[in-house]
Amino acid sequence: MNLQEMDLEYVLHSYARNYVNFKYGNNAKLYDEDGQEYIDFTSGIGVVSVGHGNKRLAGAICDQAQKIIHISNLYLIEPQALVAKRLVELSGYDMRLFFANSGAEANEGAIKIARKYGEVDGEVKRYKIITLKHSFHGRTITALKATGQEAMHTYFGPFPDGFVYADDISQIPSLIDDHTVAVMIELIQGEGGVEPQDKKKVQDLAKMLKEKDILLIIDEVQTGIYRTGEFLASNLYEIEPDIITLAKGLGGGVPIGAIMTRLKDIFAPGDHGSTFGGNYLSTRAALEVIAILQEYKEAGRLNEMIAYFDKWLQKIAKEYSALFEKAVGFGFMRGLRCKSSEMQSKIIEKSFENGVLVLKAGRNTVRFLPPITITKEEIDEGMKRFEKALEEI
Ligand SMILES: *Cc1c(COP(=O)(O)O)cnc(C)c1O
């Protein structure tokens, strides 16, 4: 039995996998078992923020693993306290943290915070949460129900009550009633097609919600930790959310999720918890990832590479206007909107054949989420291969 057969025999078929066996990587480069090189414009769906095989991150993980990996949240966890402090400082928000293990779990926690706030604050019990169509908030039953894509609600019901979907931000005010406790949005929808929200609209929404004492939850699972060029997309949009969720890029590949909130005293002991959340290994990794990316940003490298990537993307969108409507997104969360879904699938397939990994996203978008530490040489090589793939279509 070869590996592919083994995978098919023993692992549930919930993913449409590509059967390539990657053996090692170096920043934005991956190598398979035959030594074939790939440029990785996906970074494990926005996770491997400091690149593959990052020696600094590996060193921190090794060092921590040799001391303590896990002790539970019943005791003080030094790197957890340190990383919470760094996240608060870099965000500029007066908040406290809770640590989970994934994006969905962080969003679950955010929803619990909002629900508790709605229970104890005011006379009417408030529980409704407004989210957007095309949003993506995760795969647990509640996060799935928070996800406004009806197609994802085909099975698995009955779902928890209290989620309302707006077509877009402008429709949100008309959906608010006495039971509304929160609005949860992504500032750039990732899975939904790399669709950025309008800054002014978001700021107006934030102001209106504040006046009505409705919480604003920003799902920064994909946009957070320098993905957009700023530490948080919330910083870029110049808003002050009540709750922010993080995950993907935070641990550089070590599973971690986090909830930041200005509601510092919302939870009492016993209200929420996690066995693994915020353990030594994941928070030590996050601490190192943040340090690496902060230095990278402060040295001006991040903005330089984002601009360089953008130039390539704009050029390709223009030269291949028969295939693409436009380039979308910003920072290192980018996409090319294809003219059809057949085109989208074909481009992703051809790219893979030419040694460059790109992602699928909603609205027929070919999505690019490169490691944040990608180099000029890697961008050039990846884009040349991508162009070659387009030539073959
Ligand atoms: C990926 C993603 C999630 C889910 O994260 P998991 O770690 O897969 O649970 C939630 N929200 C957004 C915006 C995401 O991009």
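## Terms and basis

Two strands pair if DSSP finds at least two bridges between them. Strands (E, at least two residues) and helices (H or I, at least four residues) are DSSP runs, numbered from the N terminus.

This is a predicted model, in which local features need pLDDT of at least 70 and side-chain atom pairs count only at pLDDT 80 or more, while totals for chains, interfaces and linings use all residues. Residues are numbered from 1 along each chain as its sequence is written, and side-chain values use heavy atoms, with hydrogens and water left out.

β2 and β3 pair in the antiparallel sense, over 3 bridges. Across this pairing, K29 stands opposite I39 in β3. The hairpin of β2 and β3 has 4 residues between the strands, and G35 takes a positive phi near 85 degrees there.

These strands belong to an open sheet of 4 strands with mixed pairing, in the order β1-β2-β3-β15. β1 (22-26) and β15 (356-357) are at the edges and have a single partner strand each, so one side of each lacks a neighbour in the sheet. Strand β3 (residues 37-40) and β15 run parallel and are joined by 2 bridges; D40 has L357 in β15 as its bridge partner. Helix α13 (residues 376-391) lies across β1, β2 (29-32), β3 and β15. Contact here means heavy atoms within 4.5 Å. The helix runs at about 105 degrees to β3. Such angles run from 0 to 180 degrees between N-to-C directions, and the axes are lines fitted to C-alpha atoms, for helices over the stretch in contact.

## The seven-stranded sheet

Another open sheet has 7 strands in the order β4-β12-β11-β10-β7-β5-β6, again with mixed pairing. Its edge strands, β4 (96-100) and β6 (163-166), each pair on one side only. From one strand to the next, the twist averages 20 degrees. Strand β10 (residues 215-219) pairs with strand β11 (residues 243-246) in the parallel sense over 3 bridges, and I218 stands opposite I244 in β11. In a regular strand the side chains alternate between the two faces of the sheet.

Helix α5 (residues 103-120) lies across β4, β5 (128-132), β6, β7 (180-185), β10, β11 and β12 (257-261), and runs at about 165 degrees to β11. Helix α8 (residues 199-211) lies across β7 and β10, at about 140 degrees to β10.

## A buried residue, I172

I172 lies in helix α7 (residues 172-175). The residue is buried, with a relative accessible area of 0%. Buried means under 20% relative accessible area, exposed over 50%, and partly exposed in between (1.4 Å probe, protein chains only).

Leaving aside residues up to four places away in sequence, I172 touches I130, L132, A166, V183 and L205. From C-alpha to C-alpha, I172 and E105 are 25 Å apart in space, and they are 67 residues apart in sequence.

## Salt bridges

The structure holds 30 salt bridges. A salt bridge is a side-chain nitrogen of Lys or Arg within 4 Å of a carboxyl oxygen of Asp or Glu. One of them is formed by E288 and R56, whose closest N and O atoms are 3.0 Å apart. E288 lies in helix α10 (residues 280-298) and R56 in helix α3 (residues 55-67), so the pair ties together parts 232 residues apart in sequence. E288 is buried at 17% relative accessible area, whereas R56 is partly exposed at 37%.

K125 forms a salt bridge with E119, with the closest N and O atoms 2.5 Å apart. K125 is partly exposed at 43%, and E119 is partly exposed at 47%. R334 and D310 also meet in a salt bridge (2.8 Å, N to O). This pair links distant parts of the chain, 24 residues apart: R334 is in strand β14 (residues 333-338) and D310 in helix α11 (residues 301-319). R334 is buried, with a relative accessible area of 3%, while D310 is partly exposed at 25%. Salt bridges with shared partners join K350, E353, K388 and E392 into one network.

## A nonpolar surface patch

M1, L3, M6, Y10 and V11 form a nonpolar patch on the surface, with about 550 Å² of accessible area together. Patches are made of residues with over 30% relative accessible area and no salt bridge; like charges are joined within 9 Å, and nonpolar side chains (Val, Leu, Ile, Met, Phe, Trp, Tyr) within 5 Å. Accessible areas come from the Shrake-Rupley method with a 1.4 Å probe, and for residues only the protein chains shown count as cover. M6 is found in helix α1 (residues 3-10) and is partly exposed, at 36% relative accessible area.
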